[in-house]
Amino acid sequence: MALDDRKRAFKVVGTRVPRPDGIDKVTGRALYGADMSAPGMLHGAILRSPHAHARIRAIDTSRAEALPGVKAVVTSADFCRAKHSFNQDALDHCMAREKALYDGHAVAAVAATSKSAARAALELIAVEYEVLPHVTEIEDALKPDAPVVQEDRRARNAPEGTHPNVTHVVSFGHGDLEAGFARADRVIERSFRTAATHQGYIEPHACLASVTPDGRGELWCCTQGHYYVRELCADFLGMDTSQLRVTASEIGGGFGGKTTVTIEPVALALSRKAGRPVKLVMSRDEVFRASGPTVSSWSDIKIGMTRDGRITAAQAMLRYQGGAFPCGTVELGAMSAFAAYDLEAVRADGINVMTNRPRQAAYRAPGAPMAIYAVESTVDELCQELGLDPLEVRLKNAARKGTKSAYGPTFDDIGLVATLEAAKAHPHYAAPLCPNQGRGLSCGFWFNFGGNTCVTLNLDADGTVGVTEGNPDIGGSRASISMMAAEELGIPYDKVRTIVADTASLGFNDVTDGSRVTFAVGLATIEAARDMIRKMCARVAKIWDIDEEAVIWEDGCARPAGPNAGDFEPMSIAEIAAIANKTGGPIAGHHEVNADGAGVSFGVHLVDVEVDPETGHTKILRYTVFQDAGKAVHPDYVEGQMQGGAVQGIGWALNEEYIYGEDGRLQNPGFLDYRIPVASDLPKIDTVILEIPNPGHPYGVRGVGETSIVPPLAALSNAVARAIGARLHELPMSPPRILQALKG
Amino acid sequence: MQFAAPRSASEAAALLQAEPGDARVLAGGSDLLVQMKSGALRPDLLVDIKRIPGLDAITAEDGGFRLGAAVPGARLGEHAGVRALWPGVVEAVELIGSTQVQGRATVAGNLCNASPAADAVPALVAADAVARVFGPRGERDCPVSDIPVGPGRNSLAKGEFVASILLPARPKRAADAYLRFIPRTEMDIAVASAGVSLVLDEDGRCTRARIALGAVGPKVLLAEEAAHCLIGTKLEDAALAAMAEACSALASPIDDKRGTVAFRKQVVGVLAKRAAKIAQDRAGGTK
Amino acid sequence: MVQVRLWGSLREATGGRDVVEVNASDFKGVLRELEANYPGLKDRIERGVSLAIDGVIYREAWFQPVRPDSEVVLMPLMVGG
Amino acid sequence: MSRIHVRTTINGDAVEYLCEAGQSLLDVLRDDLGLTGTKEGCGTGDCGACSVLLDGRLVCSCLVLAAEADQRSVETVEGLADGDRLHPLQQKFLDHAALQCGICTPGFLVAARALLEKNPTPSETDVRYWLAGNLCRCTGYDKIVAAVMDAAAQMRKG
């Protein structure tokens, strides 16, 4: 559905209305994953491997089963084999089969009448392990004698002799690299490393499952995609999809980490075995050890530049590890690495390597931050060496309409140049700096997706409208969807209420991911509203006894199309609704679509830092985010996405990392030592929203959720490099590393 | 596990003494409950000392202040008298955890938990504070530096607990300061820390100095040689540099997830130097 | 005929070519012809691919028309966070 | 296991419960008393989602034993509004879009209330440091800080 041709004067879209779930959330009434209980409910708990890699020889659950209060114990034997290998990986991540593949991998679970009984029962489960050699780092996993994490998972297109831990080998690009590098005045090659990070949502995974002996199930859980949870769980438990109803609770943050299953199949299996509802809630320690952090990376970048700042050729070799299972995130990294540039010769290769770590889950623009960090750092170093302004160099090389992108397709209207121009014109870019201070700049990019979407609008008897959609609301989407419905129908925002349906109440919806909801659900909502308008106009045509085409919809009323249509008083939506039962029955609008045309999103971040030369401590002085939103439906929440993503990226750049010990165990599975930014670490995060309409959406909307996490990594690294006169090539830039770099 | 909330110190000591298994004192609970949650500790008895009369009080004593073992950090920060007399101790205590933790965590608990990185302890050691230990055989006084003996281990005997801590009186032209290094601005455990207490003469020359270092050894280190570098000086750059170097030399830290040996050794000297300047300023030595 | 650009690591299935020609008029036709002409691509296509048609990325749109002069780029199936 | 009988006051109402010796106040509030507005994000005092006032003092309820609350008063997010009238902090959080997912919001509100009762004129830096023990992963804190500052200004006007 293309951008509306007519120039729109929006009445609701673009305003800052109150969100419908707001009062519930400030009064403690909103119900999240762990907030629901059921009569006769049991408490579940999961036994996890203390070993990074171990064969499971035997599991004896008899003593646990005999403990008073214990009603069920399950292991991998209680699940079906999955239909596809990708699904089987998801199941194996929830419950180990032959081997425990990482520290914290689930091996058994219990359900008991109290939390303390469940915990006590875990200690009575005897697991016989054969401890195997383990590997947690990319370099080590590629060594010829490295332990093989899982057999028979080597990439099918991998060259002979490739290590069995390599599960993906990818390559993107075009043009003649050799000729390109030959034209450069300066070519540099650098290696970069980024640590694995965690989405760090504050709400641990939680669910309440109830399965009855007739094969029906109910599942309440915090998830970004309850339809996908249903699909996976039904597969793993051998249930018919229609018999499992999944209801998404309010979700306490996801950022990609709740796009798959972690404990939900286990809770269902426990409930089925116990014959009672089971609540299962992860501890924070379990979240860090056994949900899905990001990949860590080790990348080589080679870029050639002319003296006047034109990039002549660019090349990347990305190596990602995504845990103990095949992980395709490196594909997205290789595609996005050079997306911001208009390049004649470009190539990005990538491999994914298995290690004894938990299975990677998506994290906001998965794969892009680490690749773009490496590229944007290298570009910045070239600017420093050649004495060029880093913003001018980005402008000179910026991808724009007609650019053949580094990942293949030719760009349509994109906002990168406008975003860079906005940064250039902003007072931040020209503000003076003091000693030990530095300013960093980076571009960021994300693809954005659309996807499968189903929306229903119901006209109520008083003329108000209910919107039923199927995507968990992680950042205020119920507000933006109501706004688009109100806009299209021409009624006030407060006459619309949007709810998130359970899986039995509405057709399939893809996961809330890929920055898709405001775009795709918004698009489907607009179409569903148009469907409802057509039906309302048809009713009015009957009432007026004129042709349907002679009735038009304007400002929430049906009107005659023109003087020839007849002389009728406009009928309001309330008037139509009041007599709907007499004119043909209830009125609803519906739309289902597999939406495409999401339109890519670019952002530019500017940051000023001050580094304490004696301690290596980095203080962020000023931060400005520039991002193209296409059309900002609810500017508050667009700003919120830009600020939140920026701060997650800041954490990634400075302090956050998964730290594994020699024993292969995670050393920092808590918020004390997995250090996400706190309020006092930060200045105000300024935002500048640009609106370059997306041609693929009737209102021009682009997804805004993910791009903002991409630029901070390089922006911070570039700022630190300019503050201390030395460049780090590894994240996080922890104080010991900065002090080391200062010493040279 | 049993829970008891005795109404007198003798009752508490008797309960702790009588328990055949692991008996633990519960004051603020901000270390104890975390260790119980992780499974590192599984006490058989918890003795909540917060209902013992007097233990929740801050009282003036001989020109100093006695801090009851149940006084949470936030109360200390709100006490103008303690703030004025021992600002370094107060700033150290106020760095323990979040505002929420401040509402619970106690100075005595921070001492007895015996973490080498405890924020209050270097400041208390620099202040020459004295712990009053209550036990089955009555009371005894003990320098705070003798309470922790190694990571997670303290010198208290079965049945004993710290009932209060005395911050002594101090002469005019004296002050203290505490600094720690953490990667963020709040919420972290000290990677290195330094407490400095100074006494100056009429000319602003340092006549007495105590410097204690945290997170750079198995327990808090008293840096006597470093302190000596300041005696007789006005904390000129050379004296401070020598002092910082002595701190770095004394430090014997470990490499761990929070920091490296090289980093800790260097930064502990920087912190001691900066804390000394603050203490000097507070003592009026820069006026 | 439609020209389809493949990403680099698929070239070994097409005898080293990164642009191939297929006789198709829509999304599904492109995939069908690719599988038929280059059996080495079948596995990758089954695991999920997107097609960028004139700059717009389509994930599973069988009936999306493709003209002989369309720019068609095969891409991995997109996921997000 | 014998359970401990506790008499306490929660949001002004007298409440009695039985608890296990090792049970946290948070668990009793959520599991036994149905006060699920107080959230658990970490269980170790590092995130502030479980913030409550205990005898008027801001604490993490995950680091308080349920047995300790005997004869004390507890205030949770559920006690913040006065009937159907939102507390100024609640209203300002809505006005400033200071929440996205909302899981940290109850903890922030309780903590911010404690701040404004102690210091009605905080600087932005005061607010940021006071709230450093409350983690938010969605907002980057900007709009939360703005909401607290604005609520403070409104409460000063009375």
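**Starting with one residue**

Q: Is B:Asp31 buried or exposed, and why?
A: B:Asp31 is buried, because 25 other C-beta atoms sit within 10 Å and 20 or more is enough to count as buried. Keep in mind that this is a predicted model.

Q: Where is B:Asp31 in chain B?
A: B:Asp31 is in the loop between strand S2 (23-26) and helix H2 (32-38) of chain B.

Q: And what is B:Asp31 in contact with, leaving aside its neighbours within four places in sequence?
A: With those set aside, B:Asp31 is in contact with B:Gly109 and B:Asn113. There's also B:Ala105: its C-alpha is 8.1 Å from that of B:Asp31 in space, though 74 residues separate the two in sequence.

Q: OK, another Asp. Which strand has A:Asp60?
A: A:Asp60 lies in strand S2 of chain A, which covers residues 54-60.

Q: How far apart are A:Asp60 and A:Gly322?
A: In sequence they are 262 residues apart, and in space their C-alpha atoms are 31 Å apart.

Q: Let's switch to chain C. How many helices and strands are there?
A: Chain C has two helices and five strands. Going along the sequence, the pattern is β-β-α-α-β-β-β.

Q: How compact is chain C, then?
A: As compact as a globular protein of that length, because its radius of gyration is 11 Å, close to the 12 Å that the globule rule gives for 81 residues. The C-alpha atoms fill a box of roughly 35 × 25 × 20 Å along the principal axes.

Q: How much of chain C is buried?
A: 42% of its 81 residues count as buried. As for contacts in chain C between residues at least 6 apart in sequence, 49% of them join residues at least 24 apart.

Q: Back to chain B. What domains does the assignment give?
A: It gives domain 1 (57-167) and domain 2 (174-282). Their C-alpha centres lie 20 Å apart.

Q: How many residues are in contact between those two domains of chain B?
A: 24 residues of domain 1 are in contact with 27 residues of domain 2. On the domain 1 side, helix H5 (87-94), helix H8 (120-126) and strand S8 (148-150) of chain B each supply at least two residues. That side divides into 17 nonpolar, four polar and three charged residues.

Q: Now what about chains D and A: how many residues are in contact?
A: 41 residues of chain D are in contact with 43 residues of chain A. Elements giving two or more residues to the chain D side are helix H2 (88-95), helix H3 (105-118), helix H4 (124-130) and helix H5 (142-157) of chain D. By class, that side has 22 nonpolar, 11 polar and eight charged residues.

Q: And how many residues does the contact between chains D and B take?
A: It takes 23 residues from chain D and 22 residues from chain B. Strand S4 (57-60) and H4 of chain D each supply at least two residues of the chain D side. The largest share, four residues, comes from S4 of chain D. The chain D side that touches chain B divides into 13 nonpolar, seven polar and three charged residues.

Conventions:
Residues numbered from 1 in each chain as written. Chains lettered and ligands numbered in written order. Predicted model: local features only at pLDDT ≥ 70, side-chain atom pairs only at ≥ 80, totals over all residues. Rg over C-alpha atoms; globule rule 2.2 N^0.38 Å. Buried ≥ 20, exposed ≤ 12 C-beta atoms within 10 Å, placed from the backbone. Contact = placed C-beta atoms within 7 Å. Nonpolar A, V, L, I, M, F, W, Y, C, P; charged D, E, K, R; others polar. Domains from an automatic or database assignment.
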